[in-house]
Amino acid sequence: MDTTASIDQWMEQHRDWLVGLCSRLIAIPSENRPPHGLERDVQHLFRQELEALGFQVDLYELDEVEGLREHPAYWPGRDYTDRPNLWAHKPGSGGGRSLLFSGHADVVIGSHAGQYPPYQPTITGNRLYGRGSNDMKGGMAAALLAFYYLQQHDVQLKGDLAFESVVDEEMGGANGTLAGRLRGHHADAAIIPEPTNLRVCTSHLGGVTWRITVHGKGGMGFGGEELCNPIYGIARIVTEIERYHTELGDAPAGTPGPVPGTKPNVVLSLIRAGHFDPGASDGIPESCMLELWLECYPGQTLEELEATFAARIRALCAEPGMRPYRVEWEQVTRFIPGTVADTGLAGVLAGALSEEGHPPLQAEMSPFACDAFMFNEYSPTPAVICGPVGENAHASDEFVDVDSLLKLARAYIETILQWCGETKPANG
Ligand SMILES: [Zn+2]
């Protein structure tokens with residue numbers, strides 16, 4: 001095996017390779033636009049790259065996967081036409097543990113509100129800007145850089161090495177990840193390179209998106225009719241949501257997995273009222289709607305969120321001041337449970353990422369929900385989340401820290417070698 005210094009040197013020499021691959025991935029606007037998604041060209045790019053890295057690649061349509069639509073975890077209403085999943089693998093020589101890197105090809109819709117255009121990847125110092133740079137094309141590109149290193153150094157692994165790029169992860173999709181599990185793509189453990197700031201997360205938050213619509217009585221009341229503004233109604237609900245958010249306590253006793261420092265978020269993401277164009281609004285709207293992503297700890301259920309959060313809002317809606325309104329509830333996304341992965345892979349990753357002279361990294365809980373639950377709940381493959389440093393996921397000016405991608409790729413190499421085992425030590 002190479003010495004530490006020579007791996008670092010190799011990494012530095014391949015910085016442009018990594019930034020180049022990452023930029024090509026970012027330049028493809030693989031937006032998830034329910035019920036559709038535009039992931040196809042990313043999957044073809046991955047196919048090309050992985051074939052060049054000596055992997056056997058399988059692009060398959062979700063509709064080919066037997067039992068997918070009938071599975072209890074399948075979330076209906078999505079269209080998977082021309083949105084293939086990608087699976088790639090390199091068989092080991094035998095006797096080692098298998099490892100899978102699994103990520104999602106889709107991104108949330110690009111924002112043009114910032115300084116950097118979402119689909120023209122831009123390097124500023126150590127930052128690579130662009131939609132998906134952080135969530136999560138950067139981490140996936142880092143995995144490919146690790147594979148490239150192993151290929152160049154002629155490393156023969158004992159265990160199988162696999163890579164997966166799924167469609168439809170954002171907006172609670174997760175059917176792409178489910179399809180991979182049902183197709184029989186299992187491993188002894190998986191790494192999900194979602195952005196964790198180089199931390200090793202063996203558990204993650206869950207959550208659900210709800211839509212609350214308040215109906216009132218709109219118009220201008222010229223005939224003396226009694227009107228009722230739904231915006232006032234929703235304002236009370238918003239205030240109650242904010243109160244709920246600020247009063248959120250620590251994790252309940254017995255919450256599974258490592259917890260410290262991670263708190264569920266309450267994300268009020270959308271409020272909409274009126275059917276007029278701005279500047280031409282002239283009357284009280286008929287209704288007002290909000291959407292809200294509500295997170296929870298592992299072990300908490302949708303029923304518990306109903307009993308705590310939803311019950312509180314419903315109690316408010318029963319108060320006299322809210323009687324003129326009719327309030328509707330709708331669950332917009334699937335409920336994603338928070339889950340915990342039990343695997344020795346976490347220790348290997350933590351060892352590979354720990355800095356010399358510092359205490360070893362401890363496993364943590366990721367402060368977001370992701371597709372790890374599909375692995376942990378519905379497959380024999382435990383999934384650990386571990387990815388790069390970056391900011392502004394799902395916002396304007398999303399970026400990934402390029403140095404962190406190189407560190408990550410280096411840790412992936414060490415983890416692959418330790419986990420899968422080498423048939424013969426590489427020269428170095
Ligand atoms: Zn993501």
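Pro260 sits in the loop that connects helix H6 (230-247) with strand S13 (266-273), where helices (H or I, at least four residues) and strands (E, at least two) are DSSP runs numbered from the N terminus. Pro260 is exposed, because 9 other C-beta atoms lie within 10 Å; a residue is buried if 20 or more other C-beta atoms lie within 10 Å of its own, exposed if 12 or fewer, and partly exposed in between, with C-beta atoms placed from the backbone. Although Pro260 and Met365 are 105 residues apart in sequence, their C-alpha atoms are 7.7 Å apart in space. The model is a predicted one, in which local features need pLDDT of at least 70 and side-chain atom pairs count only at pLDDT 80 or more, while totals for chains, interfaces and linings use all residues. Residues are numbered from 1 along each chain as its sequence is written.

**Domains**
- The domain assignment of the chain gives domain 1 (4-204 + 338-424) and domain 2 (206-331), with bounds that come from an automatic or database domain assignment, and the C-alpha centres of the two domains lie 34 Å apart.
- Contact between the domains involves 13 residues of domain 1 and 13 residues of domain 2, two residues being in contact if their C-beta atoms, placed from the backbone, lie within 7 Å.
- On the side of domain 1 that touches domain 2, strand S11 (201-204) and strand S16 (364-366) are the elements that give two or more residues.

- Because 18 of the 20 residues of helix H4 (residues 133-152) are buried, H4 is largely enclosed by the rest of the structure.
- Leaving aside neighbours within four places in sequence, Val384 has contacts that include Ala189, Ile191, Val200, Leu345 and Leu349.

- Four strands form an open antiparallel sheet in the order S6-S7-S19-S18, strands counting as paired if DSSP finds at least two bridges between them.
- The edge strands, each pairing on one side only, are strand S6 (122-124) and strand S18 (390-391).
- S6 and strand S7 (residues 127-129) pair over three bridges in the antiparallel sense, and Thr122 has Tyr129 of S7 as its bridge partner.
- Helix H10 (residues 402-420) packs on the sheet, touching S7 and strand S19 (399-401), and its direction makes about 55° with that of S19; axes are lines fitted to C-alpha atoms, for helices over the stretch in contact, and angles run from 0 to 180 degrees between N-to-C directions.

**Backbone geometry to inspect**
- The peptide bond from Pro34 to Pro35 is cis, with omega near 10°, and Pro35 is in the loop between strand S1 (32-33) and strand S2 (36-37).
- A cis peptide bond also runs from Asp135 to Met136, with omega near 0°, and Met136 lies in helix H4.
- Ala174 has a positive phi near 70° and counts as buried because it has 25 C-beta neighbours inside 10 Å.
- Asp397, in the loop between S18 and S19, has a positive phi near 55° and is partly exposed, with 19 other C-beta atoms within 10 Å.
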